[in-house]
Amino acid sequence: MVTVLGARGGILDGNLSAYMIRPAGDDRAVLCDAGTATAGLVAAERAGALDDIAVPPGSGLTRAGYVLTHTIRAYLISHAHLDHVAGLVVASPDDSAKPLYALPATLRDLSQHLFNWRIWPNFGDAGPPPALGKYHYRALTPGRMEQVPDTAMTVTAWPLNHGGIESTAFLVAANGASVLYLGDTGPDAVEGGHRLDDLWRAVAPEVTAHRLKAIIIEASYDDTRADRMLFGHMTPAWVTRALRDLARRTGGPRSLRGLTVLIGHVKYSLAAGPAPQDTIRPELARDAARDGLGDVRFVIAEQGLRLTLD
């Protein structure tokens, strides 16, 4: 089950990348990125997306407070850009102790540049003293599966290229099903690397075994955006080309039949006219048809959306 706490990229504070993942019927969750945390929980509660999470009598907490401190058992942080960590940072004084999983470079950025007693108190268990130890930094090794403590889930990470910095993809799995979350990433052909291709090679067995139920991937801009202006991001055309490459590794487009692809990080715009997601939605349909992906279910992420995946 995926609950969108924050759907946008860029400047819309209060609705920035944050995706809560948990097995159906299980109140123990992880949060993939935390650009928005508490504000996203309040919005999700208002939308009814948290109704199945029972707050114990006498807890003294709002539902949003209970989910933040009890339901979310760990954070998975793809990179340390503010629109992916701001909610984590500002919620930290009232949050509960929990592990924070990331690749080593991201953990270094968090401990050196955010939780450092200059930008924010050090709520981590490493970095400038005194380390308050609320968040336990857990460095992930690419390609190695880790059990998330006190949950039914495992996580496996792979690095991605994001305009000159390292971002991360996380495969979250439980009970024979999995969800793949990609932090910000650019196309291999633009980034000059092969990390998306490496990721598809790694997760291909999840597809062929029909375990992969959803991919969460960004499309920050519409198809009119020039490649030289992507700055480590994707467009609908690049998303469908990437999925076409995955299909080639897993038996063709029919292998992705029924797969849900949740499109996040659409950049909020101050320009008058149609909202960017309203432009991106028909482009996805057109590009998917061109690339033979008509059986893929594309969904634009919206704050408060809850997806139950079969």
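User: When do two strands count as paired, and which residue of β13 stands opposite Ile217?
Analyst: Two strands pair if DSSP finds at least two bridges between them. In this predicted model, 5 bridges join β12 to strand β13 (residues 260–264), and the two run parallel. Within that pairing, the residue of β13 opposite Ile217 is Ile263.

User: Which residue of β12 does Leu180 stand opposite?
Analyst: Strand β11 (residues 177–182) is joined to β12 by 4 bridges, and these strands run parallel. Leu180 stands opposite a residue of β12, namely Ile215.

User: How many of the 7 residues of strand β12 are buried?
Analyst: Strand β12 covers residues 212–218 and is largely enclosed by the rest of the structure. Buried here means under 20% relative accessible area. The number of its residues that are buried is 6 of the 7.

User: What is the handedness of the β-α-β unit made by β12, helix α7 and β13?
Analyst: Strands β12 and β13 run parallel. Helix α7 (residues 236–249) belongs with them to a β-α-β unit, and its handedness is right-handed.

User: How far apart are the end C-alpha atoms of helix α6?
Analyst: Helix α6 takes in residues 195–208, which is 14 residues. At 1.5 Å a residue it should span 20 Å, and the model agrees with this, because the end C-alpha atoms are apart by 20 Å.

User: Which elements do the buried residues of α6 pack against?
Analyst: The buried residues of α6 are Leu196, Leu199, Trp200, Val203, Ala204, Glu206 and Val207. They pack against β9 (154–162), β10 (165–174), β11, α5 (188–191), β12 and α7.

User: Is His162 buried or exposed?
Analyst: His162 is found in strand β9. Its relative accessible area is 4%, and the cut-off for a buried residue is under 20%. His162 is therefore classed as buried.

User: Which backbone oxygen does the side chain of His162 reach, and at what distance?
Analyst: Leaving out residues up to four places away in sequence, His162 touches His79, His81, Ser167, Asp184, Thr185, Glu191, Phe231, Gly232 and His233. With Asp184, a polar contact of 3.4 Å joins the two side chains. The backbone oxygen reached by the side chain of His162 is that of Gly232, at 2.8 Å.

Terms used. Residues are numbered from 1 along each chain as its sequence is written. This is a predicted model: local features need pLDDT of at least 70, side-chain atom pairs count only at pLDDT 80 or more; totals for chains, interfaces and linings use all residues. Side-chain values use heavy atoms; hydrogens and water are left out. Buried means under 20% relative accessible area, exposed over 50%, partly exposed in between (1.4 Å probe, protein chains only). A crossover is right-handed if, with the strands pointing away from the viewer, the path from the first strand over the helix to the second runs clockwise. The expected span of a helix is 1.5 Å times one less than its number of residues. Contact means heavy atoms within 4.5 Å. A polar contact is a pair of N or O atoms within 3.5 Å; within protein, one must be able to donate a hydrogen and the other to accept it, and residues adjacent in sequence count only if both atoms are side-chain atoms.
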